[in-house]
Amino acid sequence: MSEQAISRQRVYERTPALRRWLFVHKWSSLICTLFLLLICITGLPLVLRDEIDGLLDDALPYAQVAEGTSNVSLDRVVAASRKMYPGETIISVFVDDDEPKIMVFMASSWEAFKANRRAIHSIRFDAHTGDVLKQTKPFGEDGLTFLQLMLSLHRDLFAGLAGELFLGAMALLFIAAIVSGIAIYGPFMRKLDFGSVRAARSRRLKWLDLHNLLGVVTLGWALVVGATGVINELSTPLFALWQQTDVRAMLAPLQGKPVPQTSELSSPQAAYDTVKAAFPDMTTTSVVYPGAPFGSPFHYVVWTKGREPLTSRLFSPVLVDARSGALVSAVTMPWYLRALELSRPLHFGDYGGMPLKIIWVLLDLVTIVVLGSGVYLWFVRSRASRTERPAAAMPLTSPGAAE
């Protein structure tokens, strides 16, 4: 009896529950595989994006200064930015705690930024001297960089929110394929030792065993990356939910009051220093200007983070009155945004240094093999089924019936 006939005979012997798991595994895998391959391939350079960005960076070098040299005032870099681009709107100011740099992000207007979040450009300043080290144009105007291309394909396929939600759905199907694969792995491998690869049999059986083995090896990692991928793709609606609930409730007492104009804004450096003094156990990272889509039209939103390996990925916003510079309140982030913050480093493996990144790259490569072998197995099985379709008209009632 042929290998394909035996395979069909076994289908009749399977329990209804197993047949259902097979159905889920087959179709969830088929629908998401090609998109998952794209996500895995584009994810490889993103795991190493800091290292790649450093190699491709054409910015001027940082100035050599004495240890302990303080940073220049944020007011100074803001004034320089306005002088370079008069009439434009400052979106935010970012102070790097790893490198001596200050980034100023600008757009032609808040309306343009809200319509297209990629319509921003940046100016990089040396944090010690205030010198301009590099400028960028709005996303895509000067051609996409390699990492921008990879990130856009990985995040939303250049389709914005619709692309994010679509890839989130593909990640859910990937999780369904993993769970159903677990359910069918035991029954299929019951008569074989764990990890067996029948290399002496047909090529299809060898690849089937490799597909199953590698899938089990990467099981935990794939579930973590798939689940965090779903959460990451929901970042836009999750922040929108926060804006419409918690933020709206916080700003309700201010409704009807005039929004401060640019000339009325207090010092961003003073806002930064106020938060830094109020929360000495936190690292102050950025100042978002009034008017941000997920911020406040009346306040600077000063973002802080913890100093421990885990808490350094947990960001908390603090509101500072944009007119007076007075501290208003620290904002407690809802659980779903905390989950989003934790999911990002888990997804890209960038919280444990280079050793963890290498592990992530290796597991990503193995997953690409699993996905590719799944496509191969489906293609070979479909071709064999078409070839033997006339013989399948006679139902198989026993192993001997086909012999």
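A: The sulfur of Cys-40 lies 9.7 Å from the closest cysteine sulfur, that of Cys-32, which is too far for a bond. A disulfide here is a pair of cysteine sulfur atoms within 2.5 Å. The count of disulfides in the structure is zero. Cys-32 is therefore in none, and its nearest cysteine sulfur is the one in Cys-40.

A word on the source. This is a predicted model, in which local features need pLDDT of at least 70 and side-chain atom pairs count only at pLDDT 80 or more, while totals for chains, interfaces and linings use all residues. Residues are numbered from 1 along each chain as its sequence is written, and side-chain values use heavy atoms, with hydrogens and water left out.

Both cysteines are hidden. Cys-40 counts as buried because its relative accessibility is 8%. Cys-32 is buried too, at 1%. The cut-offs are these: buried is under 20% relative accessible area, exposed is over 50%, and partly exposed is in between (1.4 Å probe, protein chains only).

Next, salt bridges. Side chains of opposite charge can pair when their charged atoms come close. Here a salt bridge needs a side-chain nitrogen of Lys or Arg within 4 Å of a carboxyl oxygen of Asp or Glu. A search of the whole structure turns up eleven. One of them joins Lys-134 to Asp-57, with the closest N and O atoms 3.4 Å apart. Lys-134 is in strand S4 (residues 132-135), while Asp-57 sits in the loop between helices H3 (49-56) and H4 (74-84), 77 residues apart. Helices (H or I, at least four residues) and strands (E, at least two) are DSSP runs, numbered from the N terminus. Lys-134 is partly exposed at 26%, and Asp-57 is partly exposed at 28%. These two also belong to a salt-bridge network with Asp-58 and Arg-124.

Glu-264 and Arg-323 form another salt bridge, at 3.4 Å from N to O. Glu-264 is in the loop between H10 and H11 (268-278), and Arg-323 is in the loop between S7 (315-321) and S8 (327-330), so the pair ties together parts 59 residues apart in sequence. Arg-338 and Glu-341 form one as well, at 2.8 Å. Both lie in helix H12 (335-348), three residues apart, about one turn. Arg-338 is partly exposed at 24%, whereas Glu-341 is buried at 9%.

Now the sheet. Eight strands build an open, antiparallel sheet in the order S4-S3-S2-S1-S5-S6-S7-S8. S4 and S8 are the edges; each has a single partner strand, so one side of each lacks a neighbour in the sheet. Strands pair if DSSP finds at least two bridges between them. S3 (121-126) and S4 pair over three bridges. Arg-124 stands opposite Lys-134 in S4.

Beyond its neighbours within four places in sequence, Tyr-289 is in contact (heavy atoms within 4.5 Å) with residues including Val-78, Trp-110 and Tyr-300.
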